[in-house]
Amino acid sequence: MGRIVQRLVIVVSAIVLAAYILAPVSWLVSSAFQTETEIVSIPPHWIPEEPTLRNFEAIFSAGNDEPVTYETRSGADPAAGDFIPSTAENLLPSMANSLIVSILVVILNLLVGVPAAYAIAKIRFWGRNASVYFILITRVIPDIALVVPFFLVIRKLGMLDTLGSLVITYLAITVPFTVFILIQYFEGLPDELDKAARVDGCSRLQALIKVFLPLSLPSLVAVVLFTFLTSWNEFLLALMFTQTSASQTLPILLASFTSDFTVSFSFLNAAGVLAVVPPVIVAIVFERYIVSGLTAGAVKG
C-alpha cells in the first residue's frame, strides 16, 4: 500500500509539474492560430474555435508590395483590432541574424574551448589550478557588470551595430562554461588513453581529435545546446550593441513589437512560435545525447 501511494504521489507531482511547464507553451501555440478577438476573450480559449493562419501569412508577407492587412473590430478605434507592427518586415532578417550569430558562436566556442579543456585536463603545467579557478571566476561575474567594459572594447574596435560584436561578447560568456564542462569530462577519461595514443605516434592534437573527441560526444552536445540557446535568447548585450535592423537579433525585434501604441497579441505569439522552432529542432536532433551530456563529469568513478 505504501508503494502504491508513493507511486501515485510521484505520478501526480509529475503531471502537475508538466502542466506548469507546458501551459505557457501550449497557450503560445494555441493563440498563434487565433484571431485578436478570440485571444482576448473571457474565458480564454485553449483550443481555437476558428483556427487561422493569418498571423503567419502576415509575418511572411510583411514588407511585400501587398502585405496581409487586418480588419479592426471597431473601425473608429484601431487599438481594438488586429494590425501588423511597423517592424514586422524585419522579423525574418532578425531571425537570420540570430541563426548566424548562434552558429558562429557554437563553432568558435568548440574551436577555442575543446583544446583549452584538453590541455588543462591532460597536460600538467605550472598554474593549471589557477587557470581553472580563473575560468570559474569569470562566470561568477554577472553579465550586467560586463556591459560597460564590453561596450568600450567594441567601440574601440569600431564594431558597434555589427554581428561581429555579438559573436565576440557571446564567446566571452560561453567559453568559460564550455571549458569547465569539458575539463570535468576529459578528467574522467583514463590517462592511459592519452599515453597509448602518444606511444603510437600521435601528437597532442591528433590524440585530441582521434581519441578524446569521439569519446566526449555527449559533453560536446551539452556544450552545443548551452551555447546555441544562450546566443539565441540573449537580450541585454544585443540591445546595447545593435541599433539597426541590419544587425538586430530576434529577441530585440520581438520586444519592439510591444513598443507601438497598440499591440497585436496574436501576431506577437505567432512570431514567438517561429522563435522557438530552431531550438526545438536542435534539441530533437541531439535528443539522444542530451541527458548523458548534461550529467557528464558529474560523477567520477
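So, searching the whole structure turns up nine aromatic pairs. Keep in mind that this is a predicted model. Take Phe33 and Phe56: their ring centres are 5.2 Å apart and the planes sit at 40°, so we call that pair tilted. The pair ties together distant parts of the chain, with Phe33 in the loop between helix 1 and helix 2, and Phe56 in helix 3, 23 residues apart. Phe33 is partly exposed, at 27% relative accessible area, while Phe56 is buried, at 12%.

Now over to Phe228 and Trp232. Here the centres are 5.8 Å apart and the planes are at 15°, so this pair is stacked. Both sit in helix 10, four residues apart, which means about one helical turn separates them. Phe228 is buried, with a relative accessible area of 7%, and Trp232 is buried too, at 3%. There's also a cluster, Tyr118, Phe186 and Phe212, linked by ring pairs.

Next up, helix 5. Which of its residues are buried? Those are Arg128, Val132 and Ile135. Helix 4 and helix 7 are among what covers them.

Last stop is Ser256, in helix 12. Ser256 is buried, at 17% relative accessible area, and a polar atom of its side chain lies 2.5 Å from the backbone oxygen of Leu253.

Methods
Residues are numbered from 1 along each chain as its sequence is written. This is a predicted model: local features need pLDDT of at least 70, side-chain atom pairs count only at pLDDT 80 or more; totals for chains, interfaces and linings use all residues. Side-chain values use heavy atoms; hydrogens and water are left out. Buried means under 20% relative accessible area, exposed over 50%, partly exposed in between (1.4 Å probe, protein chains only). Helices (H or I, at least four residues) and strands (E, at least two) are DSSP runs, numbered from the N terminus. Contact means heavy atoms within 4.5 Å. A polar contact is a pair of N or O atoms within 3.5 Å; within protein, one must be able to donate a hydrogen and the other to accept it, and residues adjacent in sequence count only if both atoms are side-chain atoms. Rings of Phe, Tyr and Trp (its six-membered ring) pair if their centres lie within 6.5 Å; planes under 30 degrees apart count as stacked, over 60 as edge-to-face and the rest as tilted.
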